[in-house]
Amino acid sequence: MAVSPLVAPTIDMLPSSRPASSPGKRLPTSTVPSSNDNGTPRLLLPGNRLGPDGGATPAVTLDPIEQLNEDEKRKYVKGKKLGEGTYANVYLGHARHDPSVLVAIKKIKVQQQYQDGMAPDAVRELKYLRELHHPNIISLLSVFSSKDQNLNLVLEYLPLGDLEMLIRDVDRVRYGAGDIKAWMGMLTRAVWFCHDNFVLHRDIKPNNLLIAADGEVKLADFGLARAFADPGRRMTANVITRWYRPPELLFGARHYGGAVDVWSVGMVFAELIIRAPYLAGNTEVEQIALICKQIGTPTEDNWPGVTHLREYTVPSDVVPVWGKDAYMGRFGAVGADGVDLLVRTVALDPKKRITAREMLEHRWWRTDPKPTPKEELPRKSAGGEEKMGADLKRRNGLLDGEGSNGVQRGAKVARKLDFGALAK
Ligand code: AMP
């Protein structure tokens, strides 16, 4: 999609159903007729007709599309910076007509190295968030370009941090199996919805799972997403943060589908249980070695065709695929049914991996404990412990995995894509 921040968004980029109640939504416009070069009537902003000294200045005219953009922009007031991503700065904002309506404004940096100045990640994020509307996917509320030609995405504000913060804060945030089931349910529904709409997310990980004020988890950061409706189309294997990347991508597969996201969901599931990244390789080679050791070595027996993938290489000592029982010790906190689901998400052969839809049909959701209601889920700590998960009390810390025993998360190691040594 060719979207240039150097021009105002086209009319079809702007939301069509903005609430009509915003007092700041429309400037009084002059009725003085005007037109641009191609005859389109222009609207004249009266406020710009006099200079600061009261003298006449050239009138600033806006064509209808620019006017729509102005209307949209004026609906929001930008506040403090919330964070910074690779291609955007994120600011807190609020609706001009009601300061209690908070939003996040993602201001995309103009990058000269890209055609149109806009990183492909930003184009993807805009494209897919416009299409996907689901309670567990972050909502895109509006789009406008600012006068410095930057594109601004107005997103719903998600004030309670992300799942990674909860997983990592082992000293103050306690949670149990019912909480994990609730978070996994929200994540799985989001992924199912993406796949049902032929969109792959391709960067599922705990810090892309943001938390709304009511506890709802929302899948965010669609900067690596893409459509997969055309099975014959080659795609890049250099996606998904390494610790969450499935073996087919590590082996360089160029044709793949929803199974890549399902593997990442499995890695998030495992991480929620043990409170540390399950397979945290420092390089792609190490990542493959960890998969072989902890899950089993991909071979022609368990994954027909794997040896033909262009970057297939595994350690020489072949480890048989571990059965469910082997997972019970470390992951048993979610029960035998939970472990069964986990094992199905990490099937080595993507064709044998459970789909997001099948995940939702799994019996684990129906067995006790029930998923915790979202309002009762643990929240990020504001200095003290906010909820003690009942399961945890019963199980005496079983869910406090390695994270509490001094295994440090490599800060930011998994946050950036690794286009590492093996990439060709
Ligand atoms: P991103 O570029 O999407 O990774 O965003 C960078 C940082 O901005 C994130 O790590 C969050 O801390 C923050 N952020 C992004 N989107 C939102 C949002 N919708 N609500 C609140 N904070 C956000």
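His 201 is buried, with a relative accessible area of 1%; buried denotes under 20% relative accessible area, computed with a 1.4 Å probe and protein chains only. The model is predicted, so that local features require pLDDT of at least 70 and side-chain atom pairs count only at pLDDT 80 or more, whereas totals for chains, interfaces and linings use all residues. Residues are numbered from 1 along each chain as its sequence is written, and side-chain values use heavy atoms, with hydrogens and water left out.

His 201 lies in the loop between strand S8 (199–200) and strand S9 (209–211); strands are DSSP runs (E, at least two residues), numbered from the N terminus. The side chain of His 201 reaches the backbone nitrogen of Asp 203 at 3.0 Å. Residues up to four places away in sequence being excluded, His 201 touches Asn 208, Leu 219, Ala 220, Asp 221, Phe 222, Leu 224, Ala 225 and Asp 261, contact meaning heavy atoms within 4.5 Å.

The ligand is surrounded by residues including Gly 83, Val 90, Ala 104, Ile 138, Tyr 157 and Leu 210. Strand S3 (76–84) and strand S5 (98–108) each supply at least two residues of this shell, and the largest share, three residues, comes from S3.

An oxygen atom of the ligand is 2.8 Å from an N or O atom in the side chain of Lys 106. Nitrogen of the ligand is placed 2.9 Å from a polar backbone atom of Glu 156, and a ligand nitrogen is also 3.0 Å from a polar backbone atom of Leu 158.

How values were computed: A residue is near a molecule or strand if one of its heavy atoms lies within 4 Å of it. A polar contact is a pair of N or O atoms within 3.5 Å; within protein, one must be able to donate a hydrogen and the other to accept it, and residues adjacent in sequence count only if both atoms are side-chain atoms. Helices (H or I, at least four residues) and strands (E, at least two) are DSSP runs, numbered from the N terminus. Buried means under 20% relative accessible area, exposed over 50%, partly exposed in between (1.4 Å probe, protein chains only).
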